[in-house]
Amino acid sequence: ISLELHMATRRRTPIEPKSKSSSMPRQVQRNNKNIMSEADSNKDDSESMKPLLIDTDAKGDDPESGTPINSSTEQPTSGGGESSLTGIDAFFAHHFHSNPEFFKQAFKFLMCFIGLQASYLTWGYMQELIMTTKFKETPLVPNGMFPSAAFCVFSNRFLAVLVAMVAVKLKHGAIFANNKAPLVAFTPCALSNTMSSWSQYASLKYVSFPVQTVFKSSKIIPVMVMGKVLKGTIYPSSQYVEALLITFGVAIFSLLSKSSDKENETELLGLVFLVMYISFDSFTSQWQSKIYTQYGKENVDPYQMMLGVNVSAICITTAGLIITGDFPVVFEFLSHNPQALRYNIITAITSASGQLCIFYTIKEFGPIVFTIIMTTRQMISICISAVLFGHVISYKAAFGAFLVFGVLFYQIRNKYNARMHGKRTKSDATTQKS
C-alpha cells in the first residue's frame, strides 16, 4: 500500500526538466550571465541614443542656404560681431552704423590731408628761410647765402633713409631681406623725383609768377594722362571735367590772392623747365602707384616704399654733390652758421613725415587724390597767411576757392552715395536669398 501511494504521488507531481545551466560549470554560467547583461545594456544604450542621432542629423546643412543649422559653433549675434572687431574698425562700427566703411575711409583721408598740409607747409616755410636768409659770411661763401639747394635735397633724403630703415627693421625684421619689390623697381620714380625738384628750381629764374602759378595748378590732368600711359588707366570724362574745374579754381584763387615782388619775363627756357617739372612730377606718383599694383599693396607698405625711393635718390644726389664739389663748401658754411644747420634739420624732419603721408595716401587713395591734396596746398597756405597777417582775399579769389571746394565736396558726396547704394544692393540680395 505504501509503495502504491508513493508511486501515485510521483505520477501526479510534474517532473522539472533539468536545466542546461545546471550541467555547466559555475564559471561558465557566470560568464554567460555577464555577456547577457552587457547585451541588454548595449540595447538600452542604443535605444537611448536614438534622439541624439536624430538631433545630429538635424544639425546638418540647410538645403537652401548651405549653412550649418544648430551647429556646435555658436553664431555671433549682432552685438558679438561688433565686439569681435578691434581698434578703428570697432569704433566706426559702433558710432557709424549706417556706413562705417565710408566714414573710416573719410577719417583716413582727413588724417592724410592734415599730415600732408602740416608737413609741407612747414617744409616750404623752412625751405624759404634757408634760401632767403642772409647768414654769417664765410671764406668760401662771402655773400652769406646758403650755398647749395641740392644739399637740402640730400639732407632730406638722408634722414628719410634712416627713418625708413628703422621702420622697416621693426616691422619686417630685416631691412632688405623681406622686401618683395627689388630696389631697382624704385629707381625710375627716384630719378624723376630728383629731376622734378631740379627743374622747378631752375625754372624760377626764367618765368613770371602767373605762369608758375598756372603750371603748379594744372598738375592733375598731366597725372591722369601719365596714368593712362603707364598703367592703361581709363578715367571717365566727368573726372577730366572735375580736374579742369579744380585747376581753374586754384589758378584764379592764387593769382588774385597774392602777387610776386619781382615779375620776371617768361622765357622759352623757363617754359621748358616747367614742362619738365610737370612731366617728372606726374611720372613719380603714377610710378609709385604702379609699384603698389605690380607687387601688391599687402607686399609693399609705405615704409618699404620710402626706403626704396630714398636709397636710389640719395645715390643720385650724392653723385651730383660730389661732381659739383658742394660738400666742402656746405660743411664750412654750416660750421660757421649753426642756425642754418637747425633749419636743415627741421626741413629734413618735415620732409620725412611728409613722405610717409605721401606714400600712404597713394597706397590708400591713388595718385589723383594725392595730387588734388597737393594742388590745394597753396590755397591753404594763402588762407593761413591771410589770417596771420591780415591779408584781404577778394571776392574773385573767394569764387575760385568756392569752385575748388565745391568740386571736392561733390566728389565726396558721390563716393558716399555709391557706397550706400552698394550696401543697399548687397542687403537686398541677402534678403532675397534668405
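Is the crossing of H13 and H15 left-handed or right-handed? Hold that thought and set up the view.

This is a predicted model, where local features need pLDDT of at least 70, side-chain atom pairs count only at pLDDT 80 or more, and totals for chains, interfaces and linings use all residues. Residues are numbered from 1 along each chain as its sequence is written, and side-chain values use heavy atoms, leaving out hydrogens and water.

**Stop 1: two helices**

Select residues 302-324, helix H13, and residues 338-365, helix H15. Helices here are DSSP runs (H or I, at least four residues), numbered from the N terminus. The two axes come within 9 Å and cross at roughly 120°. Axes are lines fitted to C-alpha atoms over the stretch in contact, with angles from 0 to 180 degrees between N-to-C directions. The crossing is right-handed (near helix turned clockwise from the far one by less than a right angle).

Now show the side chains. On H13, the contact includes Pro302, Tyr303 and Met305. On H15, look for Leu356, Phe359 and Lys363, among others. Contact means heavy atoms within 4.5 Å.

**Stop 2: threonine 138**

Move to the loop between helix H6 (100-132) and helix H7 (149-172), and select threonine 138. Threonine 138 is buried, at 5% relative accessible area (buried means under 20%, with a 1.4 Å probe and protein chains only). Finish with serine 335, 197 residues from threonine 138 in sequence but 9.5 Å away in space, C-alpha to C-alpha.

Conventions. Buried < 20%, exposed > 50% of the residue type's maximum accessible area, 1.4 Å probe, protein only.
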